[in-house]
Amino acid sequence: MEIERKFLLPAFPQGLPLLEEARMEQGYLCADPVVRIRSKESGGKTACRLCFKGQGRLVRQETELAISEETFRELANLLKAPMVKKEYRVYALPGGERLECSLVDGRFYYAEVEFPTLEEALAFTPPPFLGREVTEEKGFTMAEYWETRRFPTLD
């Protein structure tokens, strides 16, 4: 199960410990249900994943499988729209959570905080810098963005 809250940020956060940096590309073979491919390049190494996501916003089933770069390229040929490109950073939040932030297609900043339990997700008080929470809002998943190339508040 994946349990996460999503936010739109004004910029990458400042003053938090940086845990990871990467460049990512992802595309969707299907948006409902979500079937996604992702390539993540960090430290000169590339990892590719195939991901299946169930219904839901705050809580949903997620299954990921490692795939080869060759399989990734083959599946990328099936995409009906260009890949989403992300400048990806992970920061440590003061409560011990990991804040995953992305500059998406050079257009906007999107963040996710994952939780081990629903209770922890509901108890989390977002720091003010996280901006607008969009977890439960229709139109604010990466699959929905990929299909339209716009979030409702960005256009």
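This is a predicted model: local features need pLDDT of at least 70, side-chain atom pairs count only at pLDDT 80 or more; totals for chains, interfaces and linings use all residues.
Trainee: What is the phi of Asp-105?

Mentor: Asp-105 is a residue other than glycine, yet its phi is positive. The value is near 50°.

Trainee: Is Ser-102 buried or exposed, and at what relative accessibility?

Mentor: Ser-102 belongs to strand S8 (residues 98–104). Leaving aside neighbours within four places in sequence, Ser-102 is in contact with residues including Phe-12, Tyr-88 and Phe-108. Buried means under 20% relative accessible area. Ser-102 is therefore buried, at 4%.

Trainee: Where is the peptide bond that is cis, with omega near 0°?

Mentor: Pro-33 lies in the loop between S2 and S3, and Asp-32 is found in the loop between strand S2 (18–31) and S3. The cis bond runs from Asp-32 to Pro-33.

Trainee: Why does Asp-32 count as exposed?

Mentor: The class of exposed residues begins over 50% relative accessible area. Asp-32 counts as exposed because its relative accessibility is 59%.

Trainee: How far apart in space are Asp-32 and Glu-144, C-alpha to C-alpha?

Mentor: Asp-32 and Glu-144 are both among the residues nearest the centre of the second largest pocket. In sequence, 112 residues separate Asp-32 and Glu-144. In space, the C-alpha to C-alpha distance is 9.4 Å.

Trainee: Which element gives the most to the lining of the second largest pocket?

Mentor: The second largest pocket holds about 240 Å³ of space and is lined by 15 residues. By class, that lining has four nonpolar, four polar and seven charged residues. The element that gives the most, with three residues, is helix H3 (residues 142–148).

Trainee: How many residues of the lining of the largest pocket are charged?

Mentor: The largest pocket has a volume of about 440 Å³. Of its 26 lining residues, the closest to the centre are Arg-36, Arg-38, Glu-64, Glu-100 and Glu-112. Strand S3 (residues 34–42) gives the most to this lining, with four residues. Beside eight nonpolar and three polar residues, the number that are charged is 15.

Trainee: What pattern does the protein chain follow along the sequence?

Mentor: The secondary structure comes to three helices and 10 strands. Read along the sequence, the pattern is β-β-β-β-β-β-α-β-β-β-α-β-α.

Trainee: What is the radius of gyration of the protein chain, and what does the globule rule give for 155 residues?

Mentor: The C-alpha trace spans about 40 × 35 × 35 Å along its principal axes. The radius of gyration is close to the value from the globule rule, so the chain is as compact as a globular protein of that length. Both the radius of gyration and the globule rule value are 15 Å.

Trainee: What percentage of the contacts with a separation of 6 or more joins residues 24 or more positions apart?

Mentor: Buried residues make up 42% of the 155 residues in the protein chain. Among contacts with a separation of 6 or more, the share from residues 24 or more positions apart is 59%.

Terms used:
Residues are numbered from 1 along each chain as its sequence is written. Side-chain values use heavy atoms; hydrogens and water are left out. On a 1 Å grid over the protein atoms alone, a cavity is a set of points where a 1.4 Å probe fits but cannot get out, and a pocket is an open set with protein on both sides within 12 Å along at least five of seven lines; lining residues have an atom within 4 Å of a point. Grid points are joined across faces, edges and corners, and a volume is the space filled by probe spheres set on the points. Helices (H or I, at least four residues) and strands (E, at least two) are DSSP runs, numbered from the N terminus. Ala, Val, Leu, Ile, Met, Phe, Trp, Tyr, Cys and Pro count as nonpolar, Asp, Glu, Lys and Arg as charged, and the others, Gly among them, as polar. The radius of gyration is taken over C-alpha atoms; the globule rule is 2.2 Å times the number of residues to the power 0.38. Buried means under 20% relative accessible area, exposed over 50%, partly exposed in between (1.4 Å probe, protein chains only). Contact means heavy atoms within 4.5 Å.
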